[in-house]
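Thank you all for making time this morning.

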Amino acid sequence: MASPKITVIGLGYLGATHAAAMAELGFEVLGLDIVPEKMRKLEQGHAPMFEPGLEELLRAHVAGVEGSSGRLRFTDSWEEIGAFGDVHFVCVNTPQKHGEYGCDMSYVDSAVESLAPHLHGPALVVGKSTVPVGSAARLAARIAELAPAGAEAELAWNPEFLREGFAVQDTLHPDRIVVGVAGPRGEALLREVYATPVAEGTPFLVTDFPTAELVKTAANSFLATKISFINAMAEICEAADGDVVKLAEAIGHDDRIGRKFLRAGIGFGGGCLPKDLRAFMARAGELGASEALTFLREIDSINMRRRAQMVEMAREALGGALLGKRIAVLGATFKPDSDDVRDSPALNVAGQLHLQGAQVTVYDPKGMENARAVFPTLGYADSALDAVRGADVVLHLTEWSEFKELDPAALGDVASSRHILDGRNTLDPVPWRKAGWTFRALGRPTL
């Protein structure tokens, strides 16, 4: 039997990676997006965002790129998508609603409304976007209503668990595959699609719709809780003059707790954790279960407080006043190995300092263009050395490996004064102090 043909709707961070990975697994793939500029980039084998390994994967499979398999093509025609695909992955964005905690479902709804009328034969529509629980049942009913194929057009929910910086690895070798299905046909098709990772030993979990929808938000809420827990401990350590890094190491040895996500700093950001947390709270309220998630409000609050604390530490280092002071910020993205600045704590701190009168110069290895688009009024430098030149204080806010390799003496020669604040607890204080820097980090003793 021929392999199922796959379409991917929405070619942003999730969709572009998923489309390239499906082609890598041997499937014929057709991708659709409504942003012409993004499509042009993809058609040339270029990734629309920085993600390690993605461009190489695209170039290996995009039709028309020299030496490629030709298994990955792109279109802007819903009719072509409907006629081509057996399995349609919906990978569009679900941002936070403007001025609200809830999730904006308009892109997902629009994708389903555009696709369903073109489903004339047996098809499986697979949601990958993170949506409020209850959405899948509503969308399944809408597909049944709109699709000429009727009951032959089914829905499944298959949440994504991509970590930015590791997205290619996470798609080709996932740590688990979760599928929410309405019947055996959806399960069988998805087992076929994911046969390679399943053969490698990846667990394949079959659930109902609501459970599949809840998995991603539950996982993100747990990780956010862990990060905010250690940041709350950092606040206690600051008050009691303890060392949160040693504390995290000591509790992390307990395998019930584990070491991951226990590094205190300026907290989490990005396009997923903050919005997923807030949408989860909003949905729980709609379901009449808001009390179950009231603790998430405090998790969010601890997280945002760390950003404010970093601004205060900069003010203290400058003798109490920010106005006119020169500040170097190392890092703009919300995490390393990504060019994503969505809800980035680093950029948020840089922006707050700027708004309070400081002259802020930012350097980031990959996020400069996106940072400039969000905060055009900040200063930007082409290297860490240039950013630090003339600075009264240096803030390390994204843990790029490049920053661990910096030479404290060389930076000290160009800085106006040697103050460094480590907002990520990843720099070794010893060489910095040896080079004459005052070194402070969140939740750690000053000496």
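This is a predicted model: local features need pLDDT of at least 70, side-chain atom pairs count only at pLDDT 80 or more; totals for chains, interfaces and linings use all residues.

Let me begin with a question: does Val178 count as buried or exposed, and at what relative accessibility? Val178 has 3% relative accessibility, and because buried means under 20%, Val178 counts as buried. This residue is found in strand S7, and, if we do not count residues up to four places away in sequence, Val178 touches Trp157, Asn158, Pro159, Phe161, Leu205, Thr207, Ala212 and Val215. As for Leu397, 219 residues apart from Val178 along the chain, the two C-alpha atoms are separated by 34 Å.

Strand S7 covers residues 177-181 and runs antiparallel to strand S6, residues 153-157, with two bridges joining them; Ala156, for its part, has Val181 in S7 as its bridge partner. On the sheet packs helix H10, residues 209-240, which touches S6, S7 and S8 and whose direction makes about 145 degrees with that of S7.

The sheet as a whole is open and has eight strands, which follow the order S3-S2-S1-S4-S5-S6-S7-S8 with mixed pairing. Strand S3 (72-75) and strand S8 (204-207) are at the edges and have a single partner strand each, so that one side of each is left without a neighbour in the sheet. On average, and with direction ignored, neighbouring strands here are turned by 25 degrees against each other.

Let me turn now to helix H1 and its partner. The axes of H1 and helix H3, the latter being residues 54-61, come within 9 Å and cross at roughly 50 degrees, and the two helices are therefore oblique to each other. The crossing in which H1 passes H3 is left-handed. On the H1 side the contact involves Ala16, Thr17, Ala20, Ala21, Ala23 and Glu24, which meet Leu54, Leu57, Leu58 and His61 in H3; by class, this contact has seven nonpolar, two polar and one charged residues.

There is also a second sheet to look at. Six strands form this open sheet, in the order S11-S10-S9-S12-S13-S14, and their pairing is parallel. Its edge strands are S11 (379-380) and S14 (438-441), each of which pairs on one side only. Strand S10, residues 359-363, pairs with S11 over two bridges in the parallel sense, and Thr361 stands opposite Gly379 in S11. Helix H13, residues 294-317, packs on this sheet and touches S12, S13 and S14, its direction making about 165 degrees with that of S13. Helix H14, residues 345-355, packs on the sheet as well, touching S9, S10, S11 and S12, and its direction makes about 160 degrees with that of S10.

I will finish with two loop residues. Where is Glu399 found? Glu399 lies in the loop between strand S12 and helix H17, and at 18% relative accessibility Glu399 counts as buried. Leaving aside neighbours within four places in sequence, Glu399 is in contact with Arg263, Pro336, Arg424 and Thr426. Thr130, in the loop between strand S5 and helix H6, counts as buried at 11% relative accessibility. With neighbours within four places again left aside, the contacts of Thr130 are Thr94, Cys103, Glu160, Lys216, Thr217 and Asp276.

Technical notes: Residues are numbered from 1 along each chain as its sequence is written. Side-chain values use heavy atoms; hydrogens and water are left out. Two strands pair if DSSP finds at least two bridges between them. Helices (H or I, at least four residues) and strands (E, at least two) are DSSP runs, numbered from the N terminus. Axes are lines fitted to C-alpha atoms, for helices over the stretch in contact, and angles run from 0 to 180 degrees between N-to-C directions. Contact means heavy atoms within 4.5 Å. Angles under 35 degrees count as roughly parallel, over 145 as roughly antiparallel, 65 to 115 as roughly perpendicular and the rest as oblique. A crossing is left-handed if the near helix is turned anticlockwise from the far one by less than a right angle, and right-handed if clockwise. Ala, Val, Leu, Ile, Met, Phe, Trp, Tyr, Cys and Pro count as nonpolar, Asp, Glu, Lys and Arg as charged, and the others, Gly among them, as polar. Buried means under 20% relative accessible area, exposed over 50%, partly exposed in between (1.4 Å probe, protein chains only).
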